[in-house]
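Please open the model in your viewer and colour it by chain, then follow the stops below in order.

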Number of protein chains: 2
Amino acid sequence: MGYREEFLVKPGAKPQLGDIDPAYKGKHKSHEKAALVIAESLAQIGQWQYLLHADASQSLLIVLQGLDAAGKDGVIRHIFTGMDPQGTRVFGFKQPSAEDLAHDFLWRIHQRAPGRGEVVIFNRSHYEDVLVVRVHELVPREVWSRRYELINDFEKMLAQNGTRILKFYLHISPEEQLERFKRRLEDPARQWKISESDYAERALWGEYMQAYEEAIERTSTRLAPWFVIPANHKWFRDLAISQIVAETMSEMDLKTPPPRVDLADIRKKYHAAMRGPDQA
Amino acid sequence: MGYREEFLVKPGAKPQLGDIDPAYKGKHKSHEKAALVIAESLAQIGQWQYLLHADASQSLLIVLQGLDAAGKDGVIRHIFTGMDPQGTRVFGFKQPSAEDLAHDFLWRIHQRAPGRGEVVIFNRSHYEDVLVVRVHELVPREVWSRRYELINDFEKMLAQNGTRILKFYLHISPEEQLERFKRRLEDPARQWKISESDYAERALWGEYMQAYEEAIERTSTRLAPWFVIPANHKWFRDLAISQIVAETMSEMDLKTPPPRVDLADIRKKYHAAMRGPDQA
């Protein structure tokens with residue numbers, strides 16, 4: 001069984017995040033031994049992405065969610081740096097602007113959905129509207145609680161238009177988070193990453209877990225599944241995600257598209273250019 | 001002397017493209033020997049990009065221009081794939097849409113200018129509005145001929161707002177273009193790239209050279225310089241561009257930004273979290 005099956009949250013199931021070990025690393029002993037496996041998946045992803053771009057009939061949307069320091073930036077840096085930037089876009093969703101807030105919560109998201117042939121990665125996403133918004137009571141319960149269904153409808157529409165959707169929750173322990181905060185404090189090259197809200201948000205860990213469990217339960221669907229990725233070990237997180245992405249892309253039936261021109265006609269033009277007076 | 005000085009078109013100078021050897025490869029004998037030099041520049045670019053992103057006060061705009069098969073896609077794939085996609089965006093400018101055409105020619109360009117901390121690569125650009133538009137007489141001469149000044153004004157504004165601008169013309173010979181067309185014809189995996197217009201545009205080579213020479217002469221400025229890159233050898237093209245980009249970024253005075261928080265206060269919070277009842 002691959003990690004795609006192992007970490008998938010089956011539609012309708014509620015993940016018990018407290019029971020999932022964030023330090024899990026499967027059968028892999030160390031980063032060194034896993035590096036080759038990761039490299040292999042990355043090479044496959046690169047090849048599939050070329051075909052996705054060439055084929056230009058489908059697209060891939062990857063949603064990354066997790067608490068502060070869970071490793072969202074790291075996943076992007078380690079896994080998606082290998083993709084051709086022509087055809088790959090990353091959007092980070094921070095505090096909505098006044099214009100965003102003047103619209104429904106999916107308005108700013110929809111504008112950034114992948115076009116045919118594209119891979120788009122969301123660093124945070126519309127899920128914040130049932131996570132941070134819920135935990136901080138930024139809108140009343142009757143508003144956020146209706147959003148699960150709206151999200152499912154929206155994702156279904158994208159999927160029916162040819163978008164494959166993969167959603168990853170990066171699962172770390174509170175101890176690991178504190179350890180990462182400590183590294184930021186001690187390393188002058190990382191101190192700029194520290195934000196005032198880090199510890200305030202941390203104090204709401206339990207509320208966030210509850211919000212994540214319900215969000216994942218309500219929105220893990222066949223067309224847009226959630227995966228809970230043990231993420232205390234960065235290398236294991238990268239290994240699992242790259243394997244899931246590669247496996248998913250391998251099933252997208254991506255092929256070099258047929259020529260858009262009459263090849264016999266183009267051959268004639270080529271031979272004429274070979275013979276003809278050079279225009280230069 | 002590095003390639004930045006060697007290939008720079010000095011403000012006010014008119015490049016004589018017919019006199020520049022597209023097969024030039026400097027002192028480098030072969031791809032194999034150049035690979036290490038390229039890898040070194042790419043590693044530097046990666047480090048500078050991290051700081052550009054962290055610092056978030058400046059940005060970098062790279063404009064790639066060249067005829068069909070000159071290697072614009074290849075440069076993006078070879079040089080910019082190594083950049084963190086979070087912070088790097090590529091925009092290809094194809095035929096303008098009806099909405100684009102309802103506005104001035106810089107309207108769609110301005111929307112895609114890099115934000116602070118970003119690297120943006122233009123695959124074709126606003127220069128098409130004084131190149132293809134001129135060659136095919138899509139607007140009258142009095143319209144396109146006024147655009148050089150408008151472009152300079154626009155680029156000056158970006159530069160004054162903290163954007164470094166590098167513009168590369170990928171210079172290939174008509175024989176090399178024909179050779180690349182042949183490879184597309186013969187390789188089934190590349191046939192999808194063939195477009196009807198390839199040979200029609202090729203027949204206008206002389207007109208394009210004239211348009212490029214004038215565009216480069218009129219718009220190579222201190223704040224937004226043009227470089228004519230000999231591009232028959234793909235590896236040499238990559239070597240020269242990566243060296244010029246790395247050298248430019250090294251002069252941008254990029255540093256890790258200072259912490260945005262009171263570190264003493266954060267240390268207190270950290271120790272409280274270490275002692276306190278874990279919230280998980």
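Begin by selecting both chains of this predicted model: chain B and chain A bury about 4800 Å² between them, with 62% of that area on carbon and sulfur atoms (buried area is the accessible area, taken with a 1.4 Å probe, that two parts lose on being put together, summed over both). On the chain B side, select Gln86(B), Trp192(B) and Tyr270(B), which lose the most area to chain A and together account for 15% of what that side buries. The contact, meaning heavy atoms within 4.5 Å, takes 50 residues from chain B and 50 residues from chain A.

As for conventions, residues are numbered from 1 along each chain as its sequence is written, and chains are lettered from A in the order in which they are written. Local features need pLDDT of at least 70, side-chain atom pairs count only at pLDDT 80 or more, totals for chains, interfaces and linings use all residues, and side-chain values use heavy atoms, with hydrogens and water left out.

Next, show Glu196(A) and Lys269(B), which form a salt bridge whose closest N and O atoms are 3.3 Å apart; the term covers a side-chain nitrogen of Lys or Arg within 4 Å of a carboxyl oxygen of Asp or Glu. Across the interface of chain B and chain A there are two salt bridges by this rule.

Now select the helices of chain B that each supply at least two residues to the side touching chain A, among them H2 (31-55), H9 (174-186) and H13 (263-275); helices here are DSSP runs of H or I, at least four residues long, numbered from the N terminus. H13(B) gives the most to that side, with eight residues.

Finally, superpose the chains: a rotation of 180° with 0.0 Å of shift along its axis places chain B on chain A with an RMSD of 0.0 Å, which is the relation of a two-fold axis. The same surface serves both copies, since 100% of the contact residues of chain B recur in chain A.

Key: Copies are superposed by least squares on the C-alpha atoms of residues with pLDDT of at least 70 in both.
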